Every structure is written in structure tokens, then in C-alpha cells.
Amino acid sequence: MSEPQGFDGSGNTRRLPVLEKTNEDATGTNGPGRPLSDPVHDPLPTLGGDTDGAPGRRFWSARRVPAALLALLLLCGAGAFLYDITAVRADRPAMSWRRSLARQLAQRPLDDTWVLVGAGAAVAVGGWLLVLAVTPGLRGVLPMRRAHTDVRAGLHRAAAAMVLRDRAVEVSGVQSVRVRMTRTRADIRAVCHFRELDDVRADLDDVLADAIRSLGLSRPPALSVSVARPGRKG
């Protein structure tokens, strides 16, 4: 290989350095035939096996409103008792409501009506809080299939019902559609103003079954379709 030459300030020629490419640099570390600028991407981690039938867990609600109400109630009660105890420690008389409460609790029998009412209310509130603690909530969000281990997705029932309604009204002969969507069932009530009812019902079964599959839910709801004629006016 010839080396290029350049001129310096005195008019003499001088040799310019040339970087020779080695065979390894020309082919790249990835082997011959693969350009150096071609990055190698590792596939995203996915769940092993088929994920179409994998059950998805429901999303847990933050329970902000019950937690805020309970925290506010405890704060007010603890603050009132702390203020009264501090006043008593400072040689001041106890507040009248605490003296009255202590007297009522000491004098009233256990079978008194107000004692039973208060105990029932406390049990009801405690049971309600226990139910909130052990149930996930967010019944309006339907869990979707997990294609990746680190990604969870959910679909609101109203959005799923809208998709089913839009697909149903595209069927020939359907005049109007009502959709009632729950976590386990999709009830479709369609009104047909022409065509045979059996033909419309068969088309709705096919279209809606495909629409439910396309939603990607981890637990597809059961489909119930009914078709009727519009009522007579007047």
C-alpha cells in the first residue's frame, strides 16, 4: 500500500501516518458479515410458557378515604384525651364530658340499650375496616394478561363495555345495544330492526367473542347475548 505524502513549511515532502485496519477491526468482534454499528438487543424477560391462561391478580386500592377518616377520628380522640389528662396533671378540673362519660360507663348495666347500640356500632365499624384490609378493592378495574414479568395492566369495566358496544353496533341489523359489564360476566342486550333474530344473534356471538379475546383480560368474562325486536310506539 502506498503512503500519502504531504508538504511541510520548507517545501520538503514528509510522510503522513496511516492507520492500518486489522482483519479483526474490519470484520468486528461480532464476526464477519455483521456491521460494527449493529447493536445486539437482549429480549425482554417474559413469563415462561403460554400466558394466555395465566390468572391475573386484582389491583389493590389505596383506601385513602377510609384511612383518612380513621386517622382523623383517632387524632381528634387522642388529642381530646391528651388535653384533658394534661389539664388534670396541672391541677385543673377534668372536662365535663369525660366525667359524664366515666359516670355513665360506671352506672349503666351491660344490657342497657345505649350500651348495646354503641357496642354494635363499634363491631360494625371494626368489621368494615377488616373487610377493607383483606379485600383488594378496585372492582371496576379488570386485570389483563401479563406478557412481561415487570408490567401489570388493567382495563376499566366502562372502557371494556364501550368496546363491546361499538363492536356490536357494527353488526348488520342491530339498532341499539346495552352492555352490562361485571368482573365475571358481560350481558349484551341488542335491539334488531331487520334481519332474522337468530342470524343477528349468531353474528353477535362471533363478533363479541372475538372482541372479548382482543381485550386481553386474564379472566375473560362469560358472554350472554339476547336479541329482541323494538317495541311498538304508541
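Visitor: What share of the contacts with a separation of 6 or more comes from residues 24 or more positions apart?
Guide: Such residues account for 56% of those contacts in the protein, where contact means heavy atoms within 4.5 Å. This is a predicted model, in which local features need pLDDT of at least 70 and side-chain atom pairs count only at pLDDT 80 or more, while totals for chains, interfaces and linings use all residues. Residues are numbered from 1 along each chain as its sequence is written, and side-chain values use heavy atoms, with hydrogens and water left out.

Visitor: Why is Thr184 called exposed?
Guide: Thr184 has a relative accessible area of 56%, and the term exposed applies over 50%, buried under 20% and partly exposed in between, with a 1.4 Å probe and protein chains only; Thr184 is therefore exposed. Buried residues, for their part, make up 20% of the 234 residues in the protein.

Visitor: Which residues does Thr184 touch, not counting those up to four places away in sequence?
Guide: Thr184 touches Pro221 and Ala222. The C-alpha atoms of Thr184 and Pro221 are separated by 4.4 Å, although the two residues lie 37 residues apart along the chain.

Visitor: What makes the lining of the largest pocket nonpolar, polar or charged by class?
Guide: The lining consists of Pro66, Leu69, Leu70, Leu73, Val125, Trp128 and Leu129. Ala, Val, Leu, Ile, Met, Phe, Trp, Tyr, Cys and Pro count as nonpolar, Asp, Glu, Lys and Arg as charged, and the others, Gly among them, as polar, so the lining has seven nonpolar, no polar and no charged residues.

Visitor: Which helices each supply at least two residues of that lining?
Guide: They are α2 (64-89) and α4 (113-134), and α2 gives the most, with four residues.

Notes: On a 1 Å grid over the protein atoms alone, a cavity is a set of points where a 1.4 Å probe fits but cannot get out, and a pocket is an open set with protein on both sides within 12 Å along at least five of seven lines; lining residues have an atom within 4 Å of a point.
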